[in-house]
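Here is a short report on a structure with paired chains. Look at the sequence and the model first.

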Protein chains: 2
Amino acid sequence: MADPTFSIGRLAQASGCKVPTIRYYEQVGLMPPPARTAGNQRVYTRHHAERLTFIRHARDLGFPLDDIRDLLGLTETPTASCAEADRIARRNLESVRHRIQRLKLLEAELERMTEHCECGTVDRCRVIEILSDHDKCLADDHPPAP
Amino acid sequence: MADPTFSIGRLAQASGCKVPTIRYYEQVGLMPPPARTAGNQRVYTRHHAERLTFIRHARDLGFPLDDIRDLLGLTETPTASCAEADRIARRNLESVRHRIQRLKLLEAELERMTEHCECGTVDRCRVIEILSDHDKCLADDHPPAP
DNA sequence: CTTGAAGCTATAGCGACTAGAGAATTTAGG
DNA sequence: CCTAAATTCTCTAGTCGCTATAGCTTCAAG
């Protein structure tokens, strides 16, 4: 009859979030303030668990909290167009692709550094050398704007 | 005879760092405090420019400031073994590779989301659906520890 | 009833900057 | 030489997404 309820610790276990993180999400308005026991401890419902799973999952996918806030807003009016959700997801996909591209450049550069290091003294170190001389670097562009 | 000197603005231009970033690096001990004019403005030398280029370059390659501090320390004793520099570079290479792996999972998941979105209403949105249901997600592992 | 785990609030810290206020200094042009 | 504009100065606070700590209260098991 009555839905099961959870303490913050159980909710943390169920969701994979840490306890302080859940309180943080409440503080910044991502999670609604739950009911409290007589002794002031938080009591969560299945609704909270679902919402937190959504948040956790979106975080795992790299969505910033502001985007998650927007997505959560959308889920509350299910008849709204999902074009906005699509736009948010595409934006994050773009950002992920940018980061991959950039990191691949760095990977190549770091490989070059470590492969040619013969581990003598610092004054002949390939790592130091490449870091010191900008011209010897391949990946010298700047990271994309957020 | 006298080496050329730079104002903080020129050093910023030359290095690609922003002015407040240079001051920040001084504050956290990465850049040595430069001489000052009679009017208290910073006066930089070629040494500073080289050091800042090193820092900037290492930052571009994803080295954390603490690692950069260590590397700068090494450059000051050129007869030291470069094994430590090599170790730092390899550690960062590892970290970059981890991040690439992780981001590729996210990319696949986000592609799956956006490709199947038919942009109707939110209650049938593929993006929202996947975010809501953990079982529908491929990339549900947790990011690697720093 | 006791004990230990789990919960509470509040504050501060992380990394690596960035932004803003308000005052002082420098530089270029007239 | 003087003024106006650009640059620089210090200081504080804010960003993001938590995490850690301190010092307390409440809850659940035995």
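## A residue in a loop

Where is the place of B:L30? B:L30 sits in the loop between α2 (19-27) and β1 (35-36) of chain B. Helices (H or I, at least four residues) and strands (E, at least two) are DSSP runs, numbered from the N terminus. The model is predicted: local features need pLDDT of at least 70, side-chain atom pairs count only at pLDDT 80 or more, and totals for chains, interfaces and linings use all residues. Residues are numbered from 1 along each chain as written, chains are lettered from A and ligands numbered from 1 in written order, and side-chain values use heavy atoms, without hydrogens and water.

B:L30 counts as buried because its relative accessibility is 0% (buried is under 20% relative accessible area, 1.4 Å probe, protein chains only). Beyond its neighbours within four places in sequence, B:L30 is in contact with residues including B:Y25, B:I55 and B:L72 (heavy atoms within 4.5 Å). B:L30 and B:I55 lie 25 residues apart in sequence, yet 8.3 Å apart in space, C-alpha to C-alpha.

## Where the chains meet

Chain B gives 58 residues to the contact, and chain A gives 58 residues. Between them they bury about 4,900 Å², with 72% of it on carbon and sulfur atoms. Buried area is the accessible area (1.4 Å probe) that two parts lose on being put together, summed over both.

The rule finds four salt bridges across this interface (a side-chain nitrogen of Lys or Arg within 4 Å of a carboxyl oxygen of Asp or Glu). A:R97 forms a salt bridge with B:E111, their closest N and O atoms being 2.6 Å apart. On the side of chain B that touches chain A, α5(B) gives the largest share, 21 residues.

Key. Buried means under 20% relative accessible area, exposed over 50%, partly exposed in between (1.4 Å probe, protein chains only).
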